[in-house]
There are 2 protein chains.
Amino acid sequence: MSLDRRSGCPINLSLEVFGDRWSLIILRDMIFGGRRHFRELLNGSIEGIASNILADRLKRLMELGMLTKADDPSHKQKAIYSLTEMAITLVPILAHLGAWGRVWLPTSEELSIRAELLEKGGPPMWEKFMNELRHEHLGLPADPAAGPSVRATLQAAYEAVVASKAQAASSAA
Amino acid sequence: MSLDRRSGCPINLSLEVFGDRWSLIILRDMIFGGRRHFRELLNGSIEGIASNILADRLKRLMELGMLTKADDPSHKQKAIYSLTEMAITLVPILAHLGAWGRVWLPTSEELSIRAELLEKGGPPMWEKFMNELRHEHLGLPADPAAGPSVRATLQAAYEAVVASKAQAASSAA
DNA sequence: CTAATCTGCTTGCATTTTGCAATCGGTTGC
DNA sequence: GCAACCGATTGCAAAATGCAAGCAGATTAG
């Protein structure tokens, strides 16, 4: 379940890590959606991952060093998954990927608003976001002068688009 | 053979385009290796793609608008594949992907030197490279004051590492 | 106390995708 | 003429994926 190592090319090896249909989706939901539990990931992703695939990918991502797993102290049956630094440094790649997809692919408006804001925010916003993730997942100290979190900002923008679309739909009816 | 459209999320849609083990490898070989013909791609990639998979992916990438195909005027049986603007704008993503892989994965030295230079060159180098690709693949005018091509620069660095490794091996024997 | 619900998975099975090797009809260089 | 090369295609085995159901233990609502 580790790397095949078809070649030592950095692009090839990166593809061996998340060049499948689900690994990066899981990481996206953890990073941007703040999901930490199995069921949250299972029911939360709009693409509808199957539970056996999710279990397999979580295991694989742990073996590759992208995730860690711990007991949730509040619930003896809950496992809590955390991003490692290796996964947190994917943020710029996800930002670029979102920006590219927004330009060239038939994205939906409400789901691309986050990508748009993240692109406009640029590297400074990505750095701030990565520091917030380090705080949440690695226990590093939070920036005391931080203001609203990047995730909350993106989420608020998403909800505003959803609300304005609902408004437009109801006034049309 | 077009997009499944599991969701309208930009990251998801990007993954549906090149979130498999081969599509991005083919694009890498066209972009960085300058390959334009079926056989070049078949025999050129160190990962060893199978001919049926290559044929399938070329077809798929054409349907998605990432590649075009034309007759090679010098040979009635040769087809020449070209990158579209959509594919050329992947250069920054490939650069980030290479940089990430170089940090976190067991890359080989000779194959990661290109990623290192591309990372050091930053956005200005990426832009120059993209313009060179636009000249090669889209027929846009070349920058008259350009100097050596980015691809040639990267290739020379790769060959220098290979040569120095061969030197070290022979002096050890 | 008890029943329903929730927890992170696992199992069995059908379908789809991939990988491998051989091959094809046509073109080209010698 | 003939070997090498062109972009594929075919047949088949192996692996990955998708789907629905189920599992044992923990928790919670009534």
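Modeller: Buried area is the accessible area (1.4 Å probe) that two parts lose on being put together, summed over both. This is a predicted model: local features need pLDDT of at least 70, side-chain atom pairs count only at pLDDT 80 or more, and totals for chains, interfaces and linings use all residues. Residues are numbered from 1 along each chain as its sequence is written, chains are lettered from A and ligands numbered from 1 in the order in which they are written, and side-chain values use heavy atoms, leaving out hydrogens and water.

Biologist: How much area do chain A and chain B bury between them?

Modeller: Each chain, A and B, brings 49 residues to the contact (heavy atoms within 4.5 Å). On the side of chain A, the most area is lost by A:Arg6, A:Arg21 and A:Trp100, together 17% of what that side buries. Carbon and sulfur atoms carry 70% of the total, which is about 4300 Å².

Biologist: Which residue of chain A meets B:Asp4 in a salt bridge?

Modeller: A salt bridge needs a side-chain nitrogen of Lys or Arg within 4 Å of a carboxyl oxygen of Asp or Glu. The count between chain A and chain B is one. At 3.8 Å, N to O, the partner of B:Asp4 is A:Arg21.

Biologist: Is B:Ser108 buried or exposed?

Modeller: B:Ser108 touches A:Arg5 and A:Gly8, residues up to four places away in sequence not being counted. Buried means under 20% relative accessible area and exposed over 50%, with partly exposed in between (1.4 Å probe, protein chains only). Because its relative accessibility is 17%, B:Ser108 counts as buried.
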